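Subject: Structure handover

Hello,

I am passing on the structure we spoke about. My notes on it follow below.

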Amino acid sequence: MRRPEPRARKARSVPANPSWRPRGLALAAALVAACASREKRSGAEELALKQRSAGETARRFDDPRTAAALYERSSRNAAAVDRPRLAADAACREGIAELASGTPAKAEASFARAELLARDAGDRALAARALLGLARARRMSGGGDVAGPLREARALAREAGDRTAEALAEVGLGAVSPPAEARERYAAAEKLAGDASEVLGPLRLNRARLDEREGRAADARAGYRAAIVPLSISDDRPGLLGALQAAARLADADPAGAAEAAELHRRAALVAVGLGRE
């Protein structure tokens with residue numbers, strides 16, 4: 001008896017999905033592109049990223065001088081391999097660390113370098129941030145044009161759509177303006193980005209300074225106290241130290257404010273130690 005011949009197996013058909021192949025090819029192309037981009041990162045760029053990360057760690061541990069040195073190396077290494085945006089970002093961080101260290105002249109040089117690198121990278125928002133830092137460094141050192149960089153920063157921030165940077169420029173311009181104009185600028189900053197801690201802290205601090213200059217001690221005292229939390233959240237330690245010291249000074253003048261003043265002096269001393277200003 002003849003055995004029946006085995007049936008030939010039917011070839012499995014691929015589902016008729018017209019989008020399957022393009023999606024597969026697109027995924028493969030994306031993976032290849034991702035691998036290629038990783039392969040293009042040079043040793044110097046990797047080192048720059050690691051140094052920037054180490055700088056952030058030093059900053060978090062209240063060591064702004066070490067942070068500044070690490071950011072400076074990161075910026076130099078990034079610039080050496082034509083990574084201007086990374087170099088500008090690291091130089092900006094370097095300037096912030098120098099401000100925290102109480103060395104505004106060094107900070108000014110770092111921010112000036114950051115601005116040039118940011119412009120080279122075509123990053124207007126980062127260039128605006130660098131100019132804001134430059135103006136702050138000059139104001140702290142008491143030398144050089146402050147309003148010019150602030151106006152330029154405001155223009156760049158508007159072009160880049162960075163409302164926070166634009167608001168900070170308005171706060172800075174208010175700080176160097178006559179009282180009536182200052183209050184208008186502070187109102188403009190509040191409208192732009194008044195809910196951001198990065199803006200709210202310096203905004204309240206500068207309004208309180210204006211109130212104190214105009215003889216409204218009670219309003220100034222409340223304003224300094226109100227600035228403490230947003231300045232802490234945004235990690236603006238020089239500004240935080242200024243707010244704590246000013247609030248403590250006004251509390252000292254109040255016979256009923258001895259306990260409040262003592263607590264504010266204690267907190268100010270802790271911030272000063274963290275900034276290396278014992």
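Seven helices each supply at least two residues to the lining of the largest pocket: α2 (43-60), α3 (64-80), α4 (84-100), α6 (124-141), α8 (163-175), α10 (197-213) and α12 (237-252). The model is a predicted one, in which local features need pLDDT of at least 70 and side-chain atom pairs count only at pLDDT 80 or more, while totals for chains, interfaces and linings use all residues. Residues are numbered from 1 along each chain as its sequence is written, and side-chain values use heavy atoms, with hydrogens and water left out.

On the terms: helices (H or I, at least four residues) and strands (E, at least two) are DSSP runs numbered from the N terminus. A pocket is an open set of points on a 1 Å grid over the protein atoms alone, where a 1.4 Å probe fits, with protein on both sides within 12 Å along at least five of seven lines; lining residues have an atom within 4 Å of a point.

The largest pocket has a volume of about 1,400 Å³, taken as the space filled by probe spheres set on the points, which are joined across faces, edges and corners. Its lining has 47 residues, and the closest to the centre are Ile 96, Leu 99, Gly 133, Arg 136 and Asp 236. Helix α6 provides the largest share of that lining, eight residues.

Now the core. The largest nonpolar core has 43 residues; such a core is a set of buried Ala, Val, Leu, Ile, Met, Phe, Trp, Tyr and Cys residues joined through side-chain atoms within 4.5 Å. Buried means under 20% relative accessible area (1.4 Å probe, protein chains only). Helix α6 again gives the most, here nine residues. Cys 92 is among the residues with the most contacts inside this core. Beyond neighbours within four places in sequence, Cys 92 is in contact (heavy atoms within 4.5 Å) with Phe 111, Ala 114, Leu 126, Arg 129 and Ala 130. A second, separate core of 23 residues includes Leu 244 and Ala 246.

Overall, the protein has 13 helices and zero strands, and 43% of its 278 residues count as buried.

Last, confidence. The average pLDDT (the predictor's confidence in each residue, from 0 to 100) is 89.

Regards

Note on methods: Buried means under 20% relative accessible area, exposed over 50%, partly exposed in between (1.4 Å probe, protein chains only).
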